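Subject: Structure for you to look at

Hello,

Please find the sequence and structure below. My notes on them follow.

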Amino acid sequence: MKKTRFGLLLVVLLVMSLAFTGCGGGGDEAPAEENGEAAEAPAGEVQELLYATGGTAGTYYPLGGAMASVWNEHIDAINVTIQPSGASVENLRLLNTRDADIVLAMNNIAEDAWHGEGSFEGTEVQGFRAIGVVYPEIIQGVGLVESGVLTIEDQAGKTVAGGPPGSGTAATTPHIFAAYGLTDDDMTVVNDTFGDAVDKMKDGHVDAAWNVLGAPASAIVDLLTVREVAFLEITGEELETLQEEFPLIAPHVIPAGTYNYRGEDYDDIHTIALQAVLYVRDDLDDDIAYDLARVMYEHNSQIAQSHATGEQIVIENALNGITTEFHPGAIRYYEEQGMM
């Protein structure tokens with residue numbers, strides 16, 4: 001009987017010891033919440049974010065991959081995965097339907113979406129918020145010299161790649177052509193991705209192609225290894241017409257020497273530019289939006305190690321040309337920088 005009571009006592013003492021150990025494992029530390037800090041998420045609890053970019057031959061896709069890699073390294077709470085897409089128009093729709101969390105898009109296309117104009121005629125799409133400008137969107141048109149396409153007007157009667165469906169390029173090029181007196185009836189317009197268009201230009205099946213790219217664009221550099229092209233410049237009265245219609249458009253010069261053909265540098269190339277902007281779902285967590293902005297600008301040099309356009313991600317340009325609402329998390333970051 002004594003042995004039985006002693007055994008029961010040992011069991012009770014053991015249970016009580018375990019209970020006290022579980023309650024007191026924190027030592028003298030107060031819980032994180034009581035110290036005024038956010039409690040850490042349980043180990044392994046990471047939010048998966050989908051980043052819709054653009055076509056694989058453009059700037060959005062490889063740059064997006066470089067950005068995602070840097071975010072994943074510096075922000076513990078997220079894992080960003082990129083996917084190719086039709087770019088600006090499609091991307092903003094993906095945010096609105098919650099089929100993407102982060103996107104790149106042209107600022108003029110975002111303005112159209114916000115007001116239900118252009119490619120969004122009759123339907124306001126506002127389920128997104130801006131994080132900040134990533135880099136200048138340079139509209140670049142190239143024509144095959146052997147096809148006689150040296151100017152925009154020379155596209156008449158030719159086959160022209162005006163940008164893939166759902167892209168900012170496809171939404172913008174008809175206005176450029178119209179400024180020069182051209183309509184779709186004057187040429188054969190195809191909606192290939194820029195990569196496909198370049199491949200067809202190499203084979204002589206497409207005479208001119210347009211896209212919105214950083215400079216130098218790798219696809220154009222590749223094309224110049226086998227074909228001589230003319231850059232289709234936008235200047236003069238036609239430029240003024242476009243600026244009156246789209247105030248966000250700005251003249252842009254691609255510096256001489258950016259491109260070359262068989263050792264001969266091209267002179268300054270006169271075109272137009274908008275802004276590539278990072279947008280997110282309007283319901284994205286404020287702290288995550290804050291960190292996306294912070295890391296994008298404070299670690300731009302690391303992004304540039306994987307994609308040269310990263311050098312153009314500078315906080316001085318963060319607010320340029322954005323006419324839609326900013327995400328509260330981004331606003332907090334800019335307030336800390338004295339910019340808002």
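**Two loop residues**

Alanine 87 is located in the loop that links β2 (78-83) to α3 (88-96). Helices (H or I, at least four residues) and strands (E, at least two) are DSSP runs, numbered from the N terminus. The phi angle of alanine 87 is near 80 degrees, which is a positive value in a residue other than glycine. Is alanine 87 buried or exposed? Its relative accessibility is 12%, so alanine 87 counts as buried. The cut-offs are under 20% relative accessible area for buried and over 50% for exposed, with partly exposed in between (1.4 Å probe, protein chains only).

Arginine 262 lies in the loop between β10 (260-261) and β11 (264-265). Its phi is also positive, near 55 degrees, and arginine 262 is not a glycine either. Arginine 262 is exposed, because its relative accessible area is 68%.

**What kind of model this is**

This is a predicted model, in which local features need pLDDT of at least 70 and side-chain atom pairs count only at pLDDT 80 or more, while totals for chains, interfaces and linings use all residues. Residues are numbered from 1 along each chain as its sequence is written, and side-chain values use heavy atoms, with hydrogens and water left out.

The mean pLDDT (the predictor's confidence in each residue, from 0 to 100) of the protein is 88, and 87% of the residues reach 70 or more. Over residues 1-42 the pLDDT is below 50. Beyond near neighbours in sequence, that stretch has five contacts in the model, a contact being heavy atoms within 4.5 Å. Where pLDDT is low, the predicted coordinates should not be read in detail.

**Strand β7**

Strand β7 covers residues 208-213, and six of its six residues are buried. Ala208, Trp210 and Val212 point one way from the strand, while Ala209, Asn211 and Leu213 point the other way.

Which strands pair with β7? Two strands pair if DSSP finds at least two bridges between them. Strand β4 (residues 128-144) runs antiparallel to β7 and is joined to it by six bridges; valine 142 has alanine 209 in β7 as its bridge partner. Strand β5 (residues 159-161) pairs with β7 in the parallel sense, over two bridges. Here valine 160 has alanine 208 in β7 as its bridge partner.

In the loop between β7 and α7 (218-223) is proline 216. The peptide bond from alanine 215 to proline 216 is cis, with omega near 0 degrees.

**Helix α4 and its neighbour α3**

Helix α4 (residues 107-115) is mostly covered, with seven of its nine residues buried. Among them are Ile109, Ala110 and Trp114. The buried residues of α4 pack against α3, β3 (102-106), β4, α5 (168-179) and β12 (269-281). Glycine 116 follows α4 and has a positive phi, near 65 degrees.

How is α3 placed relative to α4? Their axes come within 9 Å and cross at roughly 45 degrees. That angle makes α3 oblique to α4. For reference, angles under 35 degrees count as roughly parallel, over 145 as roughly antiparallel, 65 to 115 as roughly perpendicular and the rest as oblique. Axes are lines fitted to C-alpha atoms, for helices over the stretch in contact, and angles run from 0 to 180 degrees between N-to-C directions. On the α3 side, Ser88, Val89 and Leu92 meet Ile109, Ala110 and Ala113 of α4.

Regards
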